[in-house]
Amino acid sequence: MSEVRFDGRVAVVTGAGGGLGRSHALLLAARGARVVVNDLGGSRDGTGASTNMADQVVGEIKKAGGEAAADYHGVDTAEGGEAIVKTALDAFGKVDILINNAGILRDRAFHNLTEEDWDKVLAVHLKGAYNVTQPAFRIMRQNSYGRIVFTTSAAGLFGNFGQTNYSAAKMALVGMMNTLKLEGAKYNIRANTIAPLAASRLTEDIFPPQVIEKLAPAFVSPMVCYLCSEACEETGSVFTAGGGYFGRAAVVEGKGVFFEGEPVSLEQIRDALPKIKDMSGAEEFQMANAEGMARVFSRLQRGAAAQ
Ligand code: NAI
(Lines give C-alpha, C1' and ligand atoms only; values in the text may rest on other atoms or scores of the structure.)
Protein backbone atom coordinates (compact mmCIF):
# COMPACT_ATOMS: atom_id res chain seq x y z
CA MET A 1 0.00 0.00 0.00
CA SER A 2 1.46 3.39 -0.94
CA GLU A 3 2.14 5.81 1.87
CA VAL A 4 0.42 9.20 2.08
CA ARG A 5 3.32 11.67 2.05
CA PHE A 6 3.93 15.40 1.82
CA ASP A 7 7.44 15.54 0.31
CA GLY A 8 7.91 18.82 -1.52
CA ARG A 9 4.82 20.34 0.13
CA VAL A 10 4.79 23.41 2.35
CA ALA A 11 2.27 23.60 5.18
CA VAL A 12 1.18 26.44 7.46
CA VAL A 13 -0.43 25.39 10.72
CA THR A 14 -1.81 28.23 12.85
CA GLY A 15 -1.82 27.90 16.61
CA ALA A 16 0.63 25.02 16.29
CA GLY A 17 2.55 25.75 19.48
CA GLY A 18 0.43 23.31 21.50
CA GLY A 19 -2.61 21.02 21.53
CA LEU A 20 -4.09 19.98 18.21
CA GLY A 21 -2.02 22.31 16.03
CA ARG A 22 1.24 20.92 17.40
CA SER A 23 0.06 17.39 16.75
CA HIS A 24 -0.96 18.23 13.14
CA ALA A 25 2.40 19.95 12.54
CA LEU A 26 4.41 17.03 13.91
CA LEU A 27 2.54 14.51 11.76
CA LEU A 28 2.82 16.59 8.56
CA ALA A 29 6.55 17.05 9.17
CA ALA A 30 7.04 13.36 9.93
CA ARG A 31 5.49 12.63 6.53
CA GLY A 32 7.84 14.97 4.69
CA ALA A 33 6.16 18.41 4.69
CA ARG A 34 8.09 21.57 5.44
CA VAL A 35 6.00 23.24 8.13
CA VAL A 36 5.48 26.80 9.33
CA VAL A 37 4.64 26.49 13.00
CA ASN A 38 2.64 29.60 13.80
CA ASP A 39 1.74 30.48 17.37
CA LEU A 40 1.21 33.74 19.17
CA GLY A 41 2.18 32.01 22.41
CA GLY A 42 -0.46 33.74 24.51
CA SER A 43 -2.82 32.41 27.15
CA ARG A 44 -6.04 30.53 26.59
CA ASP A 45 -8.14 33.72 26.55
CA GLY A 46 -5.95 35.34 23.91
CA THR A 47 -3.91 37.64 26.16
CA GLY A 48 -0.13 37.78 26.18
CA ALA A 49 2.41 36.56 23.64
CA SER A 50 5.70 34.68 23.57
CA THR A 51 7.98 32.94 21.11
CA ASN A 52 8.42 29.84 23.30
CA MET A 53 5.53 27.71 22.08
CA ALA A 54 6.29 27.90 18.36
CA ASP A 55 10.03 27.55 18.98
CA GLN A 56 9.54 24.45 21.05
CA VAL A 57 7.52 22.67 18.34
CA VAL A 58 10.00 23.70 15.65
CA GLY A 59 12.70 22.21 17.88
CA GLU A 60 10.76 18.95 18.17
CA ILE A 61 10.30 18.72 14.41
CA LYS A 62 13.97 19.42 13.70
CA LYS A 63 15.10 16.94 16.34
CA ALA A 64 13.05 14.28 14.57
CA GLY A 65 14.81 15.13 11.29
CA GLY A 66 12.04 17.32 9.82
CA GLU A 67 12.00 20.85 8.44
CA ALA A 68 10.12 23.69 10.11
CA ALA A 69 10.11 27.45 10.59
CA ALA A 70 8.60 29.33 13.51
CA ASP A 71 6.17 32.22 13.15
CA TYR A 72 4.91 34.28 16.10
CA HIS A 73 2.30 36.54 14.49
CA GLY A 74 -1.29 36.68 15.67
CA VAL A 75 -3.85 35.47 13.13
CA ASP A 76 -6.31 38.08 14.37
CA THR A 77 -5.05 40.95 12.21
CA ALA A 78 -4.78 41.22 8.44
CA GLU A 79 -1.09 42.17 8.81
CA GLY A 80 -0.54 39.10 10.97
CA GLY A 81 -2.15 36.86 8.36
CA GLU A 82 -0.03 38.33 5.57
CA ALA A 83 3.09 37.98 7.70
CA ILE A 84 2.41 34.30 8.47
CA VAL A 85 2.11 33.50 4.77
CA LYS A 86 5.25 35.58 4.09
CA THR A 87 7.13 33.44 6.62
CA ALA A 88 6.23 30.40 4.50
CA LEU A 89 7.31 32.14 1.29
CA ASP A 90 10.59 33.37 2.76
CA ALA A 91 11.46 30.03 4.35
CA PHE A 92 10.13 27.57 1.78
CA GLY A 93 8.95 29.50 -1.33
CA LYS A 94 5.23 28.61 -1.39
CA VAL A 95 2.17 27.43 0.53
CA ASP A 96 0.38 24.20 -0.41
CA ILE A 97 -1.40 23.39 2.82
CA LEU A 98 -3.10 25.60 5.39
CA ILE A 99 -4.61 24.39 8.63
CA ASN A 100 -6.60 27.14 10.35
CA ASN A 101 -6.40 25.92 13.92
CA ALA A 102 -5.52 28.87 16.19
CA GLY A 103 -8.14 29.44 18.84
CA ILE A 104 -9.04 31.00 22.17
CA LEU A 105 -11.97 30.84 24.56
CA ARG A 106 -13.90 33.55 26.38
CA ASP A 107 -16.85 31.58 27.72
CA ARG A 108 -19.67 33.43 29.47
CA ALA A 109 -23.44 33.10 29.58
CA PHE A 110 -24.88 35.31 26.85
CA HIS A 111 -26.41 37.86 29.21
CA ASN A 112 -22.97 38.46 30.74
CA LEU A 113 -20.97 38.52 27.52
CA THR A 114 -19.07 41.75 26.83
CA GLU A 115 -18.50 43.25 23.43
CA GLU A 116 -14.77 42.68 23.94
CA ASP A 117 -15.33 38.95 24.55
CA TRP A 118 -17.47 38.78 21.42
CA ASP A 119 -15.02 40.71 19.24
CA LYS A 120 -11.88 38.94 20.42
CA VAL A 121 -13.25 35.43 19.88
CA LEU A 122 -14.55 36.31 16.42
CA ALA A 123 -11.26 38.06 15.61
CA VAL A 124 -9.17 34.97 16.32
CA HIS A 125 -11.42 32.21 14.97
CA LEU A 126 -13.33 33.80 12.10
CA LYS A 127 -11.41 36.88 10.99
CA GLY A 128 -8.22 34.96 11.78
CA ALA A 129 -9.17 32.30 9.26
CA TYR A 130 -9.92 34.99 6.69
CA ASN A 131 -6.68 36.83 7.45
CA VAL A 132 -4.46 33.82 6.80
CA THR A 133 -6.55 32.03 4.19
CA GLN A 134 -6.84 34.92 1.73
CA PRO A 135 -3.10 35.45 1.13
CA ALA A 136 -2.55 31.67 1.15
CA PHE A 137 -5.46 31.08 -1.24
CA ARG A 138 -4.05 33.64 -3.70
CA ILE A 139 -0.80 31.69 -3.86
CA MET A 140 -2.57 28.33 -4.09
CA ARG A 141 -4.66 29.69 -6.96
CA GLN A 142 -1.53 30.77 -8.83
CA ASN A 143 0.01 27.35 -8.25
CA SER A 144 -3.21 25.45 -9.04
CA TYR A 145 -2.85 23.44 -5.85
CA GLY A 146 -4.07 23.83 -2.31
CA ARG A 147 -5.45 21.98 0.66
CA ILE A 148 -7.19 24.02 3.37
CA VAL A 149 -8.64 22.75 6.65
CA PHE A 150 -10.80 24.88 8.93
CA THR A 151 -11.42 23.98 12.56
CA THR A 152 -15.00 24.15 13.75
CA SER A 153 -16.52 22.74 16.92
CA ALA A 154 -19.51 20.76 18.09
CA ALA A 155 -20.36 23.96 19.99
CA GLY A 156 -20.92 25.69 16.64
CA LEU A 157 -22.58 22.75 14.90
CA PHE A 158 -24.97 21.96 17.74
CA GLY A 159 -24.63 24.65 20.46
CA ASN A 160 -23.06 24.74 23.92
CA PHE A 161 -24.09 26.70 26.98
CA GLY A 162 -21.90 29.76 27.61
CA GLN A 163 -20.33 29.80 24.15
CA THR A 164 -22.44 32.10 21.95
CA ASN A 165 -19.36 33.99 20.71
CA TYR A 166 -17.36 30.81 20.08
CA SER A 167 -20.31 28.95 18.50
CA ALA A 168 -21.04 31.84 16.14
CA ALA A 169 -17.42 32.04 15.02
CA LYS A 170 -17.07 28.28 14.63
CA MET A 171 -20.22 27.84 12.54
CA ALA A 172 -19.27 30.83 10.38
CA LEU A 173 -16.16 28.90 9.35
CA VAL A 174 -18.39 26.20 7.88
CA GLY A 175 -20.07 28.88 5.78
CA MET A 176 -16.68 30.15 4.66
CA MET A 177 -15.65 26.64 3.62
CA ASN A 178 -18.92 26.08 1.76
CA THR A 179 -18.15 28.93 -0.61
CA LEU A 180 -14.38 28.50 -0.75
CA LYS A 181 -14.79 24.91 -1.95
CA LEU A 182 -16.62 26.34 -4.98
CA GLU A 183 -14.13 29.13 -5.67
CA GLY A 184 -11.15 26.81 -5.30
CA ALA A 185 -12.48 23.82 -7.25
CA LYS A 186 -11.13 24.90 -10.65
CA TYR A 187 -7.67 25.40 -9.16
CA ASN A 188 -7.40 22.03 -7.41
CA ILE A 189 -7.88 23.73 -4.04
CA ARG A 190 -9.85 21.57 -1.61
CA ALA A 191 -11.37 22.98 1.57
CA ASN A 192 -12.66 20.86 4.42
CA THR A 193 -13.45 21.34 8.09
CA ILE A 194 -12.62 19.34 11.20
CA ALA A 195 -14.75 19.27 14.33
CA PRO A 196 -12.24 17.83 16.81
CA LEU A 197 -12.53 16.49 20.30
CA ALA A 198 -9.22 16.42 22.14
CA ALA A 199 -7.62 17.01 25.50
CA SER A 200 -5.76 20.32 25.39
CA ARG A 201 -5.43 23.40 27.52
CA LEU A 202 -8.76 24.59 26.06
CA THR A 203 -10.54 21.51 27.39
CA GLU A 204 -8.36 20.54 30.39
CA ASP A 205 -10.98 21.61 32.91
CA ILE A 206 -13.96 19.86 31.29
CA PHE A 207 -12.77 16.30 30.66
CA PRO A 208 -12.47 13.78 33.51
CA PRO A 209 -8.80 12.81 34.10
CA GLN A 210 -9.36 9.17 33.12
CA VAL A 211 -10.28 10.03 29.51
CA ILE A 212 -7.62 12.70 28.91
CA GLU A 213 -5.03 10.22 27.63
CA LYS A 214 -7.58 8.57 25.35
CA LEU A 215 -8.41 11.96 23.86
CA ALA A 216 -4.86 12.93 22.88
CA PRO A 217 -4.72 15.29 19.88
CA ALA A 218 -2.82 12.57 17.99
CA PHE A 219 -6.14 10.77 17.52
CA VAL A 220 -7.47 13.73 15.47
CA SER A 221 -4.43 14.57 13.34
CA PRO A 222 -4.56 11.60 10.91
CA MET A 223 -7.89 12.83 9.54
CA VAL A 224 -6.73 16.45 9.37
CA CYS A 225 -3.48 15.51 7.64
CA TYR A 226 -5.20 13.17 5.20
CA LEU A 227 -7.45 16.10 4.20
CA CYS A 228 -4.22 18.01 3.46
CA SER A 229 -2.87 15.33 1.12
CA GLU A 230 -2.72 15.24 -2.64
CA ALA A 231 -4.59 11.95 -2.50
CA CYS A 232 -7.59 13.66 -0.96
CA GLU A 233 -10.24 14.63 -3.49
CA GLU A 234 -12.75 15.37 -0.76
CA THR A 235 -13.94 18.97 -0.55
CA GLY A 236 -16.63 20.85 1.35
CA SER A 237 -17.09 18.30 4.13
CA VAL A 238 -17.16 18.61 7.90
CA PHE A 239 -15.48 15.66 9.63
CA THR A 240 -15.73 14.93 13.32
CA ALA A 241 -12.80 13.23 15.04
CA GLY A 242 -11.65 12.37 18.55
CA GLY A 243 -10.54 9.44 20.69
CA GLY A 244 -10.46 7.07 17.71
CA TYR A 245 -13.91 8.04 16.43
CA PHE A 246 -14.37 9.55 12.96
CA GLY A 247 -17.62 10.73 11.39
CA ARG A 248 -19.13 13.37 9.17
CA ALA A 249 -21.58 16.16 10.00
CA ALA A 250 -23.60 17.93 7.31
CA VAL A 251 -26.24 20.57 6.75
CA VAL A 252 -29.25 18.95 5.12
CA GLU A 253 -32.73 20.08 4.17
CA GLY A 254 -35.92 18.05 4.39
CA LYS A 255 -38.36 17.53 1.54
CA GLY A 256 -40.55 20.38 2.79
CA VAL A 257 -44.15 21.21 1.93
CA PHE A 258 -45.51 23.29 -0.93
CA PHE A 259 -48.63 25.44 -0.72
CA GLU A 260 -49.87 26.74 -4.08
CA GLY A 261 -51.26 30.22 -4.61
CA GLU A 262 -51.67 32.90 -1.93
CA PRO A 263 -49.35 33.26 1.09
CA VAL A 264 -50.46 30.85 3.81
CA SER A 265 -52.05 31.76 7.14
CA LEU A 266 -50.30 31.35 10.51
CA GLU A 267 -52.74 28.55 11.27
CA GLN A 268 -51.71 26.66 8.14
CA ILE A 269 -48.09 26.91 9.32
CA ARG A 270 -49.10 25.67 12.77
CA ASP A 271 -50.98 22.70 11.35
CA ALA A 272 -48.33 21.81 8.77
CA LEU A 273 -45.33 22.22 11.08
CA PRO A 274 -44.76 18.50 11.72
CA LYS A 275 -44.63 17.91 7.97
CA ILE A 276 -42.49 21.03 7.33
CA LYS A 277 -40.06 19.79 9.98
CA ASP A 278 -40.00 16.20 8.78
CA MET A 279 -36.45 15.26 7.81
CA SER A 280 -37.16 11.95 6.08
CA GLY A 281 -35.50 12.00 2.68
CA ALA A 282 -33.40 15.03 3.69
CA GLU A 283 -30.80 16.09 1.14
CA GLU A 284 -27.42 17.80 1.09
CA PHE A 285 -26.86 20.51 -1.51
CA GLN A 286 -23.55 21.23 -3.19
CA MET A 287 -24.35 24.92 -3.53
CA ALA A 288 -27.16 27.34 -2.75
CA ASN A 289 -28.59 28.51 -6.03
CA ALA A 290 -27.95 25.40 -8.10
CA GLU A 291 -29.92 22.92 -6.05
CA GLY A 292 -31.65 24.17 -2.92
CA MET A 293 -33.26 27.19 -4.49
CA ALA A 294 -33.74 25.40 -7.81
CA ARG A 295 -36.23 23.14 -6.06
CA VAL A 296 -38.42 26.19 -5.30
CA PHE A 297 -37.89 27.88 -8.67
CA SER A 298 -38.69 24.80 -10.73
CA ARG A 299 -41.87 24.23 -8.76
CA LEU A 300 -42.94 27.84 -9.27
CA GLN A 301 -42.11 27.70 -12.98
CA ARG A 302 -44.07 24.49 -13.41
CA GLY A 303 -46.95 26.16 -11.61
CA ALA A 304 -46.77 29.24 -13.85
CA ALA A 305 -46.56 27.09 -17.00
CA ALA A 306 -49.65 25.15 -15.98
CA GLN A 307 -51.73 28.34 -15.65
P1 NAI B 1 -4.87 25.09 22.38
O2 NAI B 1 -5.12 26.25 23.26
O3 NAI B 1 -3.89 24.07 22.84
O4 NAI B 1 -4.42 25.56 20.93
C5 NAI B 1 -4.74 26.79 20.38
C6 NAI B 1 -3.45 27.48 19.98
O7 NAI B 1 -3.76 28.69 19.27
C8 NAI B 1 -2.62 27.89 21.20
O9 NAI B 1 -1.33 27.32 21.09
C10 NAI B 1 -2.60 29.39 21.14
O11 NAI B 1 -1.39 29.97 21.61
C12 NAI B 1 -2.83 29.67 19.69
N13 NAI B 1 -3.39 31.00 19.41
C14 NAI B 1 -4.35 31.64 20.12
N15 NAI B 1 -4.59 32.83 19.59
C16 NAI B 1 -3.77 32.96 18.52
C17 NAI B 1 -3.57 33.98 17.56
N18 NAI B 1 -4.25 35.13 17.59
N19 NAI B 1 -2.65 33.77 16.59
C20 NAI B 1 -1.92 32.61 16.54
N21 NAI B 1 -2.08 31.63 17.44
C22 NAI B 1 -2.99 31.80 18.42
O23 NAI B 1 -6.28 24.40 22.10
P24 NAI B 1 -6.74 23.23 21.10
O25 NAI B 1 -7.79 22.47 21.81
O26 NAI B 1 -5.58 22.52 20.55
O27 NAI B 1 -7.48 24.09 19.97
C28 NAI B 1 -7.15 24.05 18.60
C29 NAI B 1 -8.38 24.38 17.79
O30 NAI B 1 -9.35 23.35 17.92
C31 NAI B 1 -9.08 25.67 18.22
O32 NAI B 1 -9.54 26.36 17.07
C33 NAI B 1 -10.26 25.16 19.02
O34 NAI B 1 -11.32 26.08 19.05
C35 NAI B 1 -10.60 23.90 18.25
N36 NAI B 1 -11.39 22.92 18.99
C37 NAI B 1 -10.83 22.18 19.97
C38 NAI B 1 -11.59 21.23 20.62
C39 NAI B 1 -11.01 20.33 21.64
O40 NAI B 1 -11.71 19.39 22.08
N41 NAI B 1 -9.77 20.54 22.06
C42 NAI B 1 -13.02 21.05 20.33
C43 NAI B 1 -13.49 21.84 19.25
C44 NAI B 1 -12.70 22.75 18.61
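Okay, let's start with α6: in the second largest pocket, α6 gives the most to the lining, with seven residues. Keep in mind that this is a predicted model. That pocket holds about 550 Å³ of space. Its lining has 25 residues, and the ones closest to its centre are Asn178, Lys181, Ala250, Val251 and Phe285. Besides α6, there are α5, β8 (245–249) and α10 (288–306), and each of these elements supplies at least two residues of the lining. If you sort the lining of this second largest pocket by class, you get 14 nonpolar, seven polar and four charged residues.

So much for that pocket; on to the helix pair. What does α6 meet in α4? From α4 (residues 115–143), the axis comes within 8 Å of the axis of α6 (residues 164–185), and the two cross at roughly 15 degrees. The crossing is right-handed.

Now the contact itself. On the α4 side you'll find, among others, Trp118, Leu122, His125, Ala129 and Phe137, and on the α6 side the list includes Tyr166, Lys170, Leu173, Met176 and Leu180. By class, the residues of this contact come out as 14 nonpolar, five polar and three charged.

Some of these names come back in the next bit, the cavity. How many cavities of 30 Å³ or more are there? The count comes to one, and the volume of the largest cavity is about 80 Å³. His125, Ala129, Lys170 and Leu173 are among the residues lining it, and so are Thr14, Val75, Asn100 and Thr151. Both α4 and α6 supply at least two residues of that lining. Which helix gives the most? That's α4, with four residues. The cavity lining splits into five nonpolar, six polar and one charged.

Last stop, the largest pocket, with a volume of about 970 Å³. There are 48 lining residues here, and nearest the centre lie Gly103, Leu105, Tyr166, Ser200 and Leu202. You'll remember Tyr166 from the α6 side of the helix contact. The elements giving two or more residues to this lining are α1 (19–30), α4, α5 (154–158) and α6. By class, the lining of the largest pocket divides into 17 nonpolar, 22 polar and nine charged residues.

Conventions
Residues numbered from 1 in each chain as written. Predicted model: local features only at pLDDT ≥ 70, side-chain atom pairs only at ≥ 80, totals over all residues. Heavy atoms only, no water. Axes fitted to C-alpha atoms, helices over the stretch in contact; angles between N-to-C directions. Left-handed = near helix turned anticlockwise from the far one by under 90°. Contact = heavy atoms within 4.5 Å. Nonpolar A, V, L, I, M, F, W, Y, C, P; charged D, E, K, R; others polar. 1 Å grid on protein atoms, 1.4 Å probe; cavity = no way out; pocket = protein on both sides within 12 Å on 5 of 7 lines; lining within 4 Å. Points joined across faces, edges and corners; volume = space filled by probe spheres on them.
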